[in-house]
Amino acid sequence: MILMAIDHVRVFSGIPAGGPFPGVFFTRWVTHFCAPAFLFLAGTSAFFYGRKHADLSRFLLIRGLWLVFLELTFLRVAWTFNFDFAQYEMAGVIWVIGWCMILMAGLVKLPLNAVGIIGIIIVAGHNLIDPFLGQLFPAMSEGSFSSLWKILYIGFFAGPVQFGPDGPYLIVLYSIIPWIGVMAVGYAFGKILTLEPAKRNRLCFAYGLGAIAFFLLLRGLNLYGDPRPWSVATEQTDGPPGMPGLLSFLNPTKYPASLNFLLMTWGPTIALVQVLE
């Protein structure tokens, strides 16, 4: 929460996320670890709740609906100081945690391994559509399923969802995919944390370093996992143009979260579990 506060001060100061200086870039970059940890560990928490309570699905459903309600009411006002709800709504990280909990209410009825495999497929496979976004985006953005498309995947840069010709706009900051995959993998990860400490720590360290290595390979060679390749030369990032290549390398796509973005943030988080414990 302290890390997020750093970024939110930058937001309210009106300074672009990517610059104009490396120091400002890293006030944004360090907060990238927050959302993946929130969603991942929410899944892990659900696993431990389910070990002691038989009502896991009901609990996730009610908790998820409550979080979505809070996002669209209290948190929307806290961010904007605007009470005109008919004008627009904001679907941020609390919104997506809520919807992922609602979906997890059904997923947790499957075997644990199945939940983990589904999560990995979503996280690792959703960037397969990147080469086709140029053709899909215009059609889906204007088609009958455009609102669902924006909520499920494109989100932030697809423009707002409007409910009816005179209805409010919904600004989707966090799309449901791939975050439901993140929560599902976190749920399966809970099983690792039940192992005896030495084995648990070895696995966390190995998985964390493995994720970092996979990120360096995929991102370094621009093989797969992000629609925005990096270059040694300066290029456009989240902020103004002219960012050095290293910052470009550390700036994979967050909206929607790419595989490279998740590997970059998951790796250190999981590797440090034994230290943070």
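## Overall make-up

The chain has 13 helices and three strands, both taken as DSSP runs (helices H or I, at least four residues; strands E, at least two) numbered from the N terminus. This is a predicted model, in which local features need pLDDT of at least 70, side-chain atom pairs count only at pLDDT 80 or more, and totals for chains, interfaces and linings use all residues. Residues are numbered from 1 along each chain as its sequence is written, and side-chain values use heavy atoms, with hydrogens and water left out.

## Burial and contacts

Of the 277 residues in the chain, 46% are buried; buried means under 20% relative accessible area, exposed over 50%, and partly exposed in between (1.4 Å probe, protein chains only). Among contacts (heavy atoms within 4.5 Å) between residues at least 6 apart in sequence, 67% join residues at least 24 apart.

## Cysteines

The structure holds zero disulfides, a disulfide being a pair of cysteine sulfur atoms within 2.5 Å. Cys-100 is buried at 0% relative accessible area, and Cys-204 is buried, also with a value of 0%.

## Backbone exceptions

Most peptide bonds are trans, and most residues other than glycine have a negative phi. The bond from Ile-177 to Pro-178 is cis, with omega near 10°; Pro-178 belongs to helix α9 (residues 176–189). Tyr-255 and Pro-256 are also joined by a cis peptide bond, with omega about -10°, and Pro-256 sits in the loop between α11 (245–249) and α12 (259–271).

Phe-81 has a positive phi near 55°. It lies in the loop between α4 (56–80) and β1 (88–91) and is exposed, at 64% relative accessibility. Asn-222 has a positive phi of about 50°; Asn-222 is in the loop between α10 (197–220) and α11 and is partly exposed, at 37%.
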